[in-house]
Amino acid sequence: MENTLDQRVKTTKSQKWVLASTSIGQLLESMDVSFISFAMSSIIVGLNISAGAAGMLSTVTTFGSLLGGIIFGLLADRFGRVKILTYTIFIFAISTASIMFAQNFITFLILRFCVGLGTGGEYGTGVAMICESFKKKELGKSVSFTTIGGQIGSMLAALLSALVIPLFGWRALFLVGIIPIFFAFVIRRHLKESEEFVDTMKRPDRPKVSIKKLFATPKLAYQTVALIVMVIVQIAGYYGLINWLPSIMQKKLGLSVSGSALWTIVTICGMSLGMFAFGNVLDKLGPRKAFGIFLLVSAIAVYGVTLAFNGFTLLLAATILGFFSDGMYGGYGTVISRLYPTEIRSTANNFIIGVSRSIGGFSPAIIGLIMENHSLWVVMGMLSILYLISFCSMMSIPSFKELAKTK
């Protein structure tokens, strides 16, 4: 009885460290990545580039994220999650800080690509650790804490941009990106690999880690592709709005950088509430019903931004949209981790997320180009169609029904 109680306490302590480290990791990663959205207007002027080129600064990060996700996903399944998470956070922190010294557009692009390399392995590997540390009925809620950590990182980026840019310029903002290194060193020291992963590593018949495992059968291949389609829509909507929302607010309402940052913080609070709500709905109703509700509401909610006529209505519309469209973000990691076995769990998460980011990451550049020639109605109409496509893809995945039965 005593041993059982000790083990329970030890496991609970381990779970807390997993949640704390992955949440803080997401917070710091999101903070570094989000700096560019709040500095976008200043960067356009400082580097003398077009809106389309500015959008590419975000898009190129997703290409690095694809490569980093594939590489670090395979390495995490082969050598361990903790070690790889430590390396990735060092990469994106140093790359972000180096942007301060970028003197031209090409150098900026290269550094943003390196930021993507680091962030590519962070989310999927962290989610895999969570899913190996908690019961299935707790996964949605547990992963939601990690994704909320990412939103807090975006809010920190907004606050820092409002304070730093007016006083020291946009370059100084990126220097703050070095901070994650110090937190990563402390946090990662307290992490240990899950028993599930250690047992898998010790198996004499453990299969080799390979991306081919994600396409081993026609059913598995379709599942992987359908999940990629869903995450592409998620990434397109999230990065498209989070990168351009501050600029939209500045242009439509004439807000300053600090003013748009404040409004964006409130919007992100709506996203965080949505993530928490979605995690609980996912655990109680299963992925099919949870995604179905949030996707259909998102397809309608996007039009609210176009109907806004003052600051309050725009804030309300953006908050509602953020609640439903971005609330689903953590659910993908939860579903992917349950649909693929331990030996390729990190690979599956990082590959699917990475490929989706590389395609969905075009949205900032595409939205930038569309906004130069078309109205906001056209942009939101396209996003609405994407959410409906994601809904159809979700409904066509047979395994979603099975997950509902085994929750």
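**Exercise 1.** In this predicted model, Arg81 forms a salt bridge with Asp77. How far apart are the closest N and O atoms, and is Arg81 buried or exposed?

*Solution.* Start with the distance. The closest N and O atoms of Arg81 and Asp77 are 2.6 Å apart. A salt bridge requires a separation within 4 Å, so the pair qualifies. Next, take accessibility. Arg81 has 0% relative accessibility, so Arg81 counts as buried. Asp77 is buried too, with a relative accessible area of 0%. Finally, widen the view. Asp77 and Arg81 belong to a network of salt bridges that also links Glu132, Glu196 and Arg345.

**Exercise 2.** Which parts of the chain does the salt bridge between Arg345 and Glu196 tie together?

*Solution.* First, the contact: the closest N and O atoms of Arg345 and Glu196 are 3.0 Å apart. Then place the partners. Arg345 lies in helix 16 (residues 345-360) and Glu196 in helix 9 (residues 195-202), so the bridge joins parts 149 residues apart in sequence. Arg345 is buried because its relative accessibility is 8%. Glu196, at 30%, is partly exposed.

**Exercise 3.** Where do Arg203 and Glu343 lie?

*Solution.* Arg203 sits in the loop between helix 9 and helix 10 (218-253). Glu343 sits in the loop between helix 15 (329-339) and helix 16. The two residues are 140 residues apart. Their salt bridge has its closest N and O atoms at 3.8 Å. Arg203 is partly exposed at 32% relative accessibility, whereas Glu343 is buried at 15%.

Note on methods: Residues are numbered from 1 along each chain as its sequence is written. This is a predicted model: local features need pLDDT of at least 70, side-chain atom pairs count only at pLDDT 80 or more; totals for chains, interfaces and linings use all residues. Side-chain values use heavy atoms; hydrogens and water are left out. A salt bridge is a side-chain nitrogen of Lys or Arg within 4 Å of a carboxyl oxygen of Asp or Glu. Buried means under 20% relative accessible area, exposed over 50%, partly exposed in between (1.4 Å probe, protein chains only). Helices (H or I, at least four residues) and strands (E, at least two) are DSSP runs, numbered from the N terminus.
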